[in-house]
Amino acid sequence: GLGVVAMKMLDDIGELRSESGRIAVAVLIAQDLAVVPMLIVATSLGGEGEIGWVGLAVKIAAAVAVLAGLLWYLGRRPKLKPSFAPAVEDNVEMLALGSLGFCFAAAAISGFIGLSPAYGAFIAGLVVGASTLRSPVIHVVEPIQSILLVVFFLSIGLLIDIRYIVENWVLVAVASFVVIVAKTVWNVLLIRLAGLKHTTAMEAGLAMAQIGEFSFVLAAAAFASGAIGLDVYRLALAVTAVSLLVSPAWMIVMRQIEGEARFGYAEFRQALAELYEDQVETVEDVGQWIRVRLRA
């Protein structure tokens with residue numbers, strides 16, 4: 001999850017470590033956490049029988065409680081130090097196999113008990129990330145991560161139905177445009193309501209304009225359980241893919257428009273100040289001075 005495209009865009013423009021970058025990453029983490037109950041709901045809506053809302057609520061509550069408890073526990077203590085850490089921290093092979101084995105085991109257990117494999121893998125990542133093995137594991141897993149990322153997007157490309165997009169290009173285009181614009185507007189608005197400045201809100205909001213990669217997982221889970229039909233599934237894949245593809249261009253264009261608008265306004269104020277500097281004290285007085293002149 002964690003907005004691979006968004007983080008890459010922020011990194012490319014040098015804003016990943018800035019205030020807007022930190023806000024975007026924090027929101028993306030929150031989105032990934034929200035996927036947990038969404039996955040459970042998506043996989044529970046399928047089937048022919050009645051939906052067991054009580055069992056579903058209990059399952060969601062348990063998953064959220066485990067995640068919240070783990071975050072609270074890991075946040076209140078120093079790094080976890082496994083007893084076997086000194087024996088494996090310099091062993092590249094053991095680190096790679098051990099971390100992947102732990103991740104797959106957690107995913108298998110999570111799927112077996114009726115949650116989601118992605119939930120278990122996320123929990124495993126939190127545990128490893130909060131341990132003293134975090135730094136060596138990151139260096140070992142990075143090449144594997146790159147391969148898995150390529151495979152992930154390759155699999156998404158194989159799932160995209162080009163014929164469906166061609167036959168329904170108006171629907172896909174309109175849905176994608178509405179999603180991107182709506183997400184941008186809401187992101188900027190909510191960040192501004194949080195009290196942050198306009199520039200920060202624009203940078204963070206534009207970076208998060210696309211639909212997250214976890215949407216592919218949600219759509220696949222819903223389709224596999226029968227919660228959504230084939231057409232809705234193909235539309236969800238198409239819109240998500242289009243939003244990911246055009247989000248870098250969207251961010252560049254909107255930043256350029258925003259920059260030009262701000263530059264033009266600033267230049268206009270400066271030009272007025274220089275033109276009437278002997279007749280008015282501040283630029284804000286220009287309007288009043290012009291109205292007086294017009295009346296004369």
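A: Happy to. Let's start with a pair of side chains: Asp 231 and Arg 234 meet in a salt bridge, with 2.6 Å from N to O. Please keep in mind that the model is predicted. Both residues belong to helix H12, and because they are three residues apart there, about one helical turn separates them. As background, side chains of opposite charge can pair when their charged atoms come close.

Arg 234 has another partner as well. A salt bridge joins Arg 234 to Asp 161, and here the closest N and O atoms are 2.9 Å apart. While Arg 234 lies in helix H12 (residues 230-275), Asp 161 sits in the loop between H7 and helix H8 (162-167), so this pair ties together parts that are 73 residues apart in sequence. Taken together, Asp 161, Asp 231 and Arg 234 are linked in a network of salt bridges. The structure holds two salt bridges.

How open are these side chains? Arg 234 has a relative accessible area of 22%, so it is partly exposed. Asp 161 is partly exposed too, at 26%, and Asp 231 is partly exposed with 46%. The cut-off for buried is under 20% relative accessible area, with exposed meaning over 50%.

Now for the setting. The chain has 13 helices and zero strands. Of its 296 residues, 32% are buried. One of the helices, H7, spans residues 134-159 and contains Glu 142. With 41% relative accessibility, Glu 142 counts as partly exposed. Glu 142 and Ala 96 are 46 residues apart in sequence, yet their C-alpha atoms are 9.9 Å apart in space.

Elsewhere, a nonpolar patch lies on the surface, formed by Trp 169, Val 170, Val 174, Phe 177 and Val 178, which together have about 530 Å² of accessible area. Phe 177 belongs to helix H9 (residues 169-193), and its relative accessibility of 54% makes it count as exposed.

Finally, a word on helix packing. Helix H2 (residues 19-44) packs with helix H3 (residues 53-75) at an angle of about 160 degrees, and their axes are 10 Å apart. That angle makes H2 roughly antiparallel to H3. The crossing of these two helices, H2 and H3, is right-handed.

Key
Residues numbered from 1 in each chain as written. Predicted model: local features only at pLDDT ≥ 70, side-chain atom pairs only at ≥ 80, totals over all residues. Heavy atoms only, no water. Patch = residues over 30% accessible without salt bridge, like charges linked within 9 Å, V, L, I, M, F, W, Y side chains within 5 Å. Areas by Shrake-Rupley, 256 points an atom, 1.4 Å probe, with all protein chains shown as cover. Salt bridge = Lys/Arg side-chain N within 4 Å of Asp/Glu carboxyl O. Helix = DSSP H or I, 4+ residues; strand = E, 2+ residues; numbered from the N terminus. Buried < 20%, exposed > 50% of the residue type's maximum accessible area, 1.4 Å probe, protein only. Axes fitted to C-alpha atoms, helices over the stretch in contact; angles between N-to-C directions. Parallel < 35°, antiparallel > 145°, perpendicular 65-115°, else oblique. Left-handed = near helix turned anticlockwise from the far one by under 90°.
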